[in-house]
Structures are given as structure tokens and as C-alpha cells.
Amino acid sequence: MLSIDNVTVRYANRVTALQSVKANFVANDFTVLLGASGAGKSTLLRCLNGLVRPSEGTIRDGRGQSIFASNKALRRHRRATGMVFQQHHLIGRLTALQNVLTGRLSYHSAFRTLFGMPPRDKSIGLECLEQVGLLDRALHRADQLSGGQQQRVGIARAMAQQPRIILADEPVASLDPASADQVMGLLRAIARQHGLTVIVSLHQVELARRYADRIIGVSSGRIVFDGRPSTLLPAGLDKIYGTTAPDQSKITEAA
């Protein structure tokens, strides 16, 4: 389990990105974060992977320990947390397999990686590409793949870490509807198959309804809805996106 308790994030420019946020995330659960641009979704994800340290509050891992308790605790948490990005963050000149293998770098010293990745890591990389349906593209350069295929390589890279948690920040924002559907279905299937905690930020309400086990609505740095998709009614959407949401001029998300 991953838990956040009274987390507030204030940046140096005095902008408050999150305010007194509380939530628990459990294994085998697919959670979607919904909210307008600037609501705080990306900041929340960055806190969950340890890239942003809260100004107040605590983020605890499955052991009940703060992920910021020590450098060792933070490294352990990041190794167990796979990230999927909106813009893929692949190295275009490298093959799909080489990109996936970058997910194994945290398991080796910098010196060891100078001699290439061990056969076991290559086997893991190929298995991950097979899971996302791209084994036949393993030796193709990343910049020769379509946008949807590149995003699937990004998912395979996250899986190569053998994580307990996957965080995805707007993973389908740049994809066409068919590719977006495929990527969301893949993320959900992976969560089910491996018993992972998957947390995805989205703008598309219908995709959230279709794939999420749980939807968390974020507005002006606060959680304003937390429930099953079937319980997200117009009043809930109004809290997330509408005029009843708190004043967003005072609480905005950093870019």
C-alpha cells in the first residue's frame, strides 16, 4: 500500500500546489486522477514517486515508512515505482529493447553497465515487450515506431523495473482515440495480472469511467471526489471542473 497523509506542497514562489491531501492506494487497484490543467494532479504524482518533497505531511510505503526517511528508503521506493510519461521519454536512436532495458539500470552499478546488460535483464526486457505486444519490434529504433507503439515501449520500460507501483502522467494525451483505448486497456490488464498499484492522471472523463476502479477528483490542490466510477455524477463533475470548485487563482499546479 502507498499512503499520503495531510500532504501540502508549497513552492518557493509561494504557490500552493497541494493542500492537506489524504489518500491510500492499494495493490490490484486502478486509480485515475481527474482534474483540470493546474489542479494538482502532476504534483501529486511527483510526490508519490519522491520527486517532490511535501512541505507538510507524510508519504508512506507498504512498510509504513516515510519514503523520505533516508536516501536508502527513497532509492528503494523509486526502484519499486515505474513511471509512464506523456511524451514517452524514449531515446529515438536506440532500439525498443535498449529503451526498455534502461528500466533495469537501477539494479546495477554504473561500472557494470559499461559492459552491457546481463542476459537475464535482456530476457526480462523481451518478456516485457511481449506483454505489450511489441516483441516483433524489439530491434526497431524507437523513432521508427508510431506514437501508440512508443507509449507501449514506455510501459514495457516501467514493467522492466519489476515495480509494485506504476504512475502514469497523462499517458494518452498525445494519442488518437484508438491508441488511447489500447494503452489504457493495457495498463489495466497489467495491474490485474501482476497485482500492481496503478495511478493514472487523465483529462478524459469517459476513459476514466471505462477503465478505473476508483476515481479521485482534484481541484485547486484538494481532493474533491473519491469514489467508484458509477458514483461520479454531474454534481461530482461540477466539483472537479465546475463553478463550485474552490478558487483556482490562489492554488495552481506548477508546470
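Analyst: A helix crossing is left-handed if the near helix is turned anticlockwise from the far one by less than a right angle, and right-handed if clockwise. Helices (H or I, at least four residues) and strands (E, at least two) are DSSP runs numbered from the N terminus. The model is predicted, with local features requiring pLDDT of at least 70 and side-chain atom pairs pLDDT 80 or more, while totals for chains, interfaces and linings use all residues. Residues are numbered from 1 along each chain as its sequence is written, and side-chain values use heavy atoms, leaving out hydrogens and water.

User: Which hand does the crossing of H5 and H6 have?

Analyst: The crossing of H5 and H6 is right-handed.

User: At what angle do they pack, H5 and H6?

Analyst: The angle is about 135°, and the axes of H5 and H6 are 9 Å apart. Axes here are lines fitted to C-alpha atoms, for helices over the stretch in contact, with angles running from 0 to 180 degrees between N-to-C directions. H5 is therefore oblique to H6, given that angles under 35 degrees count as roughly parallel, over 145 as roughly antiparallel, 65 to 115 as roughly perpendicular and the rest as oblique. On the H5 side, the contact (heavy atoms within 4.5 Å) is made by Ile-124, Cys-128, Leu-129 and Gln-131, and on the H6 side by Val-153, Ala-156, Met-159 and Ala-160.

User: Turning to the largest nonpolar core, which residues touch the most other members?

Analyst: Phe-30, Leu-129, Ile-155 and Leu-202 do, in a core of 48 residues. The elements giving two or more residues to this core are strands S3 (29-34), S6 (165-169) and S7 (197-202), together with helices H3 (96-101), H5 (119-131), H6 (147-160), H7 (177-194) and H8 (205-211). H7 supplies the largest share, 7 residues. A nonpolar core is a set of buried Ala, Val, Leu, Ile, Met, Phe, Trp, Tyr and Cys residues joined through side-chain atoms within 4.5 Å; buried means under 20% relative accessible area, exposed over 50% and partly exposed in between, with a 1.4 Å probe and protein chains only.

User: What does Leu-129 touch?

Analyst: Residues up to four places away in sequence aside, Leu-129 touches Ala-96, Leu-97, Val-100, Leu-134, Leu-135, Ala-138, Val-153 and Ala-156. Another core, of 26 residues, lies apart from the largest one and has Leu-44, Phe-68, Ile-165 and Leu-167 among its members.

User: How many residues of helix H1 are buried?

Analyst: Of the 8 residues in H1 (41-48), 7 are buried. They are Lys-41, Ser-42, Thr-43, Leu-44, Leu-45, Cys-47 and Leu-48. Just after H1, Gly-50 takes a positive phi of about 85°.

User: Now the charged side chains. Is Arg-104 buried or exposed?

Analyst: Arg-104 counts as buried because its relative accessible area is 2%. Its place is in the loop between H3 and helix H4 (110-113). The side chains of Arg-104 and Asp-121 are joined by a polar contact of 2.6 Å. A polar contact is a pair of N or O atoms within 3.5 Å; within protein, one must be able to donate a hydrogen and the other to accept it, and residues adjacent in sequence count only if both atoms are side-chain atoms.

User: And where does Asp-61 lie?

Analyst: Asp-61 is in the loop between strand S4 (56-60) and helix H2 (71-79), and is buried at 9% relative accessibility. A polar atom of the Asp-61 side chain lies 2.9 Å from the backbone nitrogen of Arg-63. Beyond neighbours within four places in sequence, Asp-61 is in contact with Met-1, Leu-2, Ile-67 and Arg-76.

User: Finally, in which strand is Ile-166?

Analyst: Ile-166 is in strand S6 and is buried, with a relative accessible area of 0%. Its C-alpha atom is separated by 8.2 Å from that of Val-200, 34 residues apart along the chain. Its contacts outside four places in sequence include Val-84, Met-159 and Leu-187. Val-84 lies in strand S5 (81-84) and is buried at 1%.
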